[in-house]
Amino acid sequence: MIHDPISRGDEPALPLFDEEALDIADYLKSEADDEDDIHHDEAQGHGLAALTLGAVGVVYGDIGTSPIYAFREALRATGTASPGAGEVLGILSLLIWTLILIVTVKYVFFLLRADNRGEGGILSLYTLVRLAAGKRSVPVLLLALGGAALFAGDAAITPAISVLSAVEGTELILPSLAPFVMPVTVGILIALFMMQRVGTAKVAKLFGPICVVWFLALAGLGILYLVKAPSVLASFNPLWAIGFLMDHTGVAFVVLGAVFLAVTGGEALYADLGHFGRRPIKLAWFGLVMPSLVLNYLGQGAMVLAHPERAEDSFFAMASEGMLPWLVVLATAATVIASQAVISGAFSMARGAMQLGFLPRLRILHTAEGQSGQIYIGAVNWLLLFGVLWLVMAFGSSSALASAYGIAVTGTMVLTSLLGILYLSKVRRLRIGVALALALPFLVIEGVFLASNLVKFADGGYVPVAVAGAIAFLMWSWWRGTQLVRARVAKLAISVPSFVRMMRNSSVNRIPGTAFFLTGDADIVPSALMHNIKHNRVLHEQTVFLTVETLRVPYATAEERVMVEPLGGCFIRLILRFGFMETPNVSRAMGHARRAGLKFDVMASTFFLGRRRAVATGQGIELIMDRIYVALSRFAADPSDFYHLPRDRVVELGERVAI
């Protein structure tokens, strides 16, 4: 069965490995190499304990740093100089129930079950809905674009606020170190982004243990103060949260915006589903992460009740004078890990967007053999670094950045909830009324949080909105341009059956060997073949129409990988299929084609690529979008590199296409 692809590419347009082109011998690689394509750790034999440990470091690295600033910012938002039991217990109740409802119920119990062949994230959810609907829907497409764009804003803000908030702890050790907070933060961030190209496979092994120590430290500090004031356990009663909101109507919206900082990184539970699996993520959450977070928030509340003057920096104030330097070092390490997790997520999101046709091909480097999730995209990396450094220097403190943080996170969660409603309706086949009833409580809660964060729009909340808007516009421009080019080419193209009939009695010279002509549409003749016949007047004795399809699933199975179809005469149709989370490797997939019956001599084979250069011809806003598409196309990676074709056997022929 051939899966209807979301994106077949513009000769074709998919992402790219930045490795040296594989040599001819790679054609003959065995099917055993397919393990690199199916990257799930469980399939690679990793134990449950190792997966759970990895999930602690990668999945929960971001949400694990929230105690550094979430409770502090919520208290500041009340405007109370000396917070009392009403403020402390009310905010604690809001924090606890936000963790329970948003993270535990929505993500752990529901969305982790909405997997696309084991993969999660908003783009995977979109493809599930798209597959079930059977047709493209522009509103649903816009939801996916908006979610991916907001995630990009989140990816820029997370490293900035996390590392800056941790380094600010040095001021408590020695106030004279305050002038060095900014330079040290910038230095850590530059070092973090520079190490991305080397790869994090070895460093990642340290992430889990360090984060385990971090969460145990959170729990230990919390218990230390909780035993002194166990009355804060009353905050488990949601009436404290309700009472606080009713008694503080003037600042309730602002406080809610700060409270939502406690679940930043919650989206990682779903996005990293494919890396660790459902069970390890659940075990890590219930066994360590959630108890540690709740205990630490309770401890901060107990301390503030006993020492209201410490509310200004409630997290670091929990540590004794001798313990404080170690806590700052550990917090800095935890925030670097949290930043690494979101950077890796940005790489994965970008690759998925490229595979779905939302972005041009970009150079991708796999940094760990046998783990396709360990990737590096230079363009994304340096753009993120630029954005992160700008945020750090423009806002100057983690408190100022907190205003910009919430909108990106809440916006992504709201869009995920909307897609979740469509998932229940289209995939699970629930009535739309039932789907709305199930999702409405979460949508209402997240909507309130989003509205509370929008209050801070002028104080910095505009940053993620502007970033997301710009990225969404770029993605839409690329998608639109790709569709226009494809339609233009299809209008002028010749169908394969007609061409095969025309060539039966043709006087075109036949030469030995096999020619592979890459085409984005399996039903039309590649333009490179037409140009070759027009200018060279030759056909190879075996001419293969090679199409690379991107499926609406993360990974293609061995059965789905290849289809070989004789068309008559010297013509053969070859379709290679890859999931949208895979990087197509044509050379390796040729082993599957050989086993499927395609016979060819490696040393007598040539690949022909058609290069299309788009020319902008629109007017008004369409002209702007056309020019953006043309500009983005210049950044697209070389298709011969992307498809892992042997460079000494590739012939490229170009043409201009007006859009």
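Colleague: What is the relative accessible area of Ala271?
Modeller: This is a predicted model, in which local features need pLDDT of at least 70 and side-chain atom pairs count only at pLDDT 80 or more, while totals for chains, interfaces and linings use all residues. Residues are numbered from 1 along each chain as its sequence is written, and side-chain values use heavy atoms, with hydrogens and water left out. Ala271 belongs to helix H11, residues 267–271, where helices (H or I, at least four residues) and strands (E, at least two) are DSSP runs numbered from the N terminus. It counts as partly exposed, the class between buried (under 20% relative accessible area) and exposed (over 50%), with a 1.4 Å probe and protein chains only, and its relative accessible area is 28%.

Colleague: Which residues does Ala271 contact, once its neighbours within four places in sequence are left aside?
Modeller: The C-alpha atoms of Ala271 and Gly120 are separated by 4.8 Å, although the two residues are 151 apart along the chain. With contact taken as heavy atoms within 4.5 Å, and with neighbours within four places left aside, the partners of Ala271 are Gly120 and Gly121.

Colleague: Where is Ala262 found, and what is its relative accessibility?
Modeller: Ala262 is found in the loop between helix H10 (252–259) and H11. Not counting residues up to four places away in sequence, Ala262 touches Ile63, Ser66, Ala70, Leu95, Leu99 and Tyr297. Ala262 counts as buried because its relative accessibility is 1%.

Colleague: How far apart are the C-alpha atoms of Ala262 and Ile96?
Modeller: These two residues lie 166 apart along the chain. The separation of the C-alpha atoms of Ala262 and Ile96 is 9.0 Å.

Colleague: On which residue is the kink in helix H3 centred?
Modeller: Of the 26 residues of H3, 19 are buried, so this helix is largely enclosed by the rest of the structure. The bend at a residue is the angle between axes fitted to the seven residues ending there and the seven starting there. In helix H3, residues 85–110, there is a kink of about 35°, and the residue on which it is centred is Thr104.

Colleague: Near what value is phi of Arg429, and where is this residue found?
Modeller: Most residues other than glycine have a negative phi. Arg429 is found in the loop between helix H16 (398–427) and helix H17 (432–454), and it counts as exposed because its relative accessibility is 63%. Phi of Arg429 is positive in a residue other than glycine, with a value near 60°.

Colleague: What is the relative accessibility of Arg537?
Modeller: Phi of Arg537 is also a positive value in a residue other than glycine, near 60°. The residue lies in the loop between helix H20 (527–536) and strand S5 (538–550). Arg537 counts as partly exposed, because its relative accessibility is 43%.

Colleague: Turning to the chain as a whole, how many helices and strands are there, and what share of the contacts between residues at least 6 apart join residues at least 24 apart?
Modeller: The chain holds 23 helices and nine strands. Buried residues make up 59% of its 659 residues. Among contacts between residues at least 6 apart in sequence, the share that joins residues at least 24 apart is 85%.
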